[in-house]
Each structure stands twice: as structure tokens, then as C-alpha cells.
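Here's a quick briefing to read with the model open in your viewer.

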Amino acid sequence: EPRAPARPAPARPAPARPVGTGNVLGRGGGQRVSTGLTARMAEREAAARRLRLVRAAIAAGMLTVLAAVAWVLLASPVLALEEVEVTLTGTTVDEATVRAAVEPELGTPLLRVSTSAITARLTDIPQVEKAQVVRSWPRGVAVSVVAREPVAAVAQGEGWVLLDADGVQVAAAGAVPEGLPQVTVPLDAADETAPALRAVLAVLAALPEDVLGQVATAGASGTAQVTLTLDDGATVRWGSAQESELKTQVLRVLRQQPAGVYDVSVPRSPTTS
């Protein structure tokens, strides 16, 4: 009796490979560290070290540059003060006086020059009304000074004191300078006469040159009783220092007619006599 053909044996499934082992398993099932992973980690560490070194070098370079710049600006004679440009307005302060106030700063690096100290030394000078000091790179300063100008002379002792519009004593003189009015308000009793003196000086400071040049003397018994005496002997009753511009215009018109007294104390109702 013929035999039935033998059936092939079913294929056995391949054994499952442990998850995550990749190429870690070698022959015989032993475990080893991947040489590729180690190399990559080493490369990263080397790159991080190089980056830290580069950053440190850049920081050191920047510090060196900053130190050099600071030395040039703050300690080096390269930018030390040498040049002084002086601008003067007025006649009572000379250039030599201004330069003397700047002299202590000469040779100092410009960034360390104390412009406020120079300004303080200048404004301590009685004849200086105001001063401005600015740096002028790379090695200079520009100094602008406005001098106080006298508007009147006041008798004191055997001489005369020259006062500006603020009552500051600008100078002393043995005689009244030509063209400067004499003020009859005394300085000796300054506490009592100060308001009247300030009123007189305010009036004189407000007068234009052509009118001021005609004033011989000026006085006041109070702040609203300023009186001017002109070169030709005429008297001007000015009143207070208010509306001095209008009073000046009125006086110019009134002076076209000869008179002994011109009253402009109420400028909208002036009188002559």
C-alpha cells in the first residue's frame, strides 16, 4: 500500500531580540558600551571646552581694551587739557583773569577736568556775572564769561564805588568815570536805603545809552520816588522803576520842548514845568 508523502515540519519562530540592545549584544550574549556614543560625548565636551576658552579670550580682550581706553581717557597725557578758548562779554574782566581760573586744571586728562570747579572760581570773581565752561575735545575747554558792567558811581569815603544794576560793587575809583551817573543814595546806611538804591539802579539799567549818557546824578527817597538830574540841569521825576521803557519814550518826546522839570512818573499823563 503506498505511503502518504511526509509533511514538512512547521518553521519555528525566531527568538525575540531584547528591546533596546541594538548592537550592544555580542557573540555569547556579552554587553559592551558603544564606542560611537563615547566618541560623540567626547567631541561635545571638547567643543564645550573650546567655547569656554573662546569666551574667556574674548572677555579678556574686552577687559584689556576697556583698560586701555580708561587709561587714555583718565590717566594718559594724550588727552590732557592744554587749550583754553575764552569768550568775554563786557569790559570789567580781562582774559588773563579768566585763564588764571582755568590754570589749576591744565595738564589734567580732559575727562577728569572739573568744569564746575572752574565755573565756581570764575563766579567768585566780583566782576563776573555769569560763566559757562564746556569741554572742547580732544584737548581744550571753551570758557564764556559775561562781566558785570557798572551803571552808577556812589561816593564812599574819599573815593567812589562803581555798582552794576544788581548793586554789586564792580570796582573802586578815585573819580567818577566819564559818562557814569552819580547816585546820591548813600551806601553807609545800606539796610535803610537798600530798597531806594535798588530802585535807582533798576531805572539806570533800563535806560538806553542815549538817555543814560545825559544823566548826571540819580537819587531816590523811596522806591517810587526816583529822580534824575540831566547834564543841562533839568530834573526828571521818574517815580518807580516800573514801565521804564514807556517812560523813556515819553521823555524823548518831552525833551523836544525846553523845561526845568519833566515828570514821567505817570507816563500816560506826563507834565513839564
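In which sense do β10 and β11 pair, and over how many bridges? They pair in the parallel sense, with three bridges between them, and V236 sits opposite Y262 of β11. Keep in mind that this is a predicted model. The protein chain carries six helices and twelve strands, and nine strands make up an open sheet with mixed pairing.

**The sheet**

- Reading across the open sheet, the strand order is β6-β5-β4-β7-β8-β9-β10-β11-β12.
- The edges belong to β6 (169-173) and β12 (271-272); each has a single partner strand, so one side of each has no neighbour in the sheet.
- Helix α6 (residues 244-254) packs on this sheet, where it touches β10 (235-239), β11 (261-263) and β12. The direction of α6 makes about 155 degrees with that of β10.
- Strand β4 (residues 152-156) runs parallel to β7 (residues 182-183), and two bridges pair them. Here V154 faces V183 of β7.
- Strand β9 (residues 226-230) is antiparallel to β10, with four bridges joining the two. Across that pairing, T227 stands opposite R237 in β10.

**Around Q132**

- Q132 belongs to strand β2 (residues 128-136).
- Leaving aside residues up to four places away in sequence, Q132 touches A142, V143 and S144.
- Q132 and V146 are 14 residues apart in sequence, and their C-alpha atoms are 9.0 Å apart.

**Salt bridges**

- Searching the whole structure turns up eight salt bridges.
- One of them joins the side chains of R139 and E82, at 2.5 Å from N to O. R139 is in the loop between β2 and β3 (140-147) while E82 is in the loop between α1 and β1 (83-89), so this pair ties together parts 57 residues apart in sequence. E82 counts as exposed, because its relative accessibility is 53%.
- D164 and R148 make another, with their closest N and O atoms 2.7 Å apart. This pair links distant parts of the chain, 16 residues apart: D164 is in the loop between β5 (159-163) and β6, and R148 is in the loop between β3 and β4. Are these two buried or exposed? Both D164 and R148 are buried.
- R252 pairs with D210, and here the closest N and O atoms are 2.9 Å apart. With R252 in helix α6 and D210 in helix α5 (residues 209-212), the pair ties together parts that are 42 residues apart in sequence. R252 is partly exposed at 38% relative accessibility, and D210 is partly exposed too, at 42%.
- Salt bridges with shared partners also join R148, D164 and D166 into one network.

**Surface and whole-chain numbers**

- V54, I58 and M62 make a nonpolar surface patch of about 290 Å²; I58 is in helix α1 (residues 35-74).
- The protein chain exposes about 17600 Å², with carbon and sulfur atoms supplying 55% of that.
- Of its 273 residues, 29% count as buried.
- Among contacts with a separation of 6 or more, 44% are between residues 24 or more positions apart.

Notes:
Residues numbered from 1 in each chain as written. Predicted model: local features only at pLDDT ≥ 70, side-chain atom pairs only at ≥ 80, totals over all residues. Heavy atoms only, no water. Pairing = 2+ DSSP bridges. Contact = heavy atoms within 4.5 Å. Axes fitted to C-alpha atoms, helices over the stretch in contact; angles between N-to-C directions. Patch = residues over 30% accessible without salt bridge, like charges linked within 9 Å, V, L, I, M, F, W, Y side chains within 5 Å. Areas by Shrake-Rupley, 256 points an atom, 1.4 Å probe, with all protein chains shown as cover. Salt bridge = Lys/Arg side-chain N within 4 Å of Asp/Glu carboxyl O. Buried < 20%, exposed > 50% of the residue type's maximum accessible area, 1.4 Å probe, protein only.
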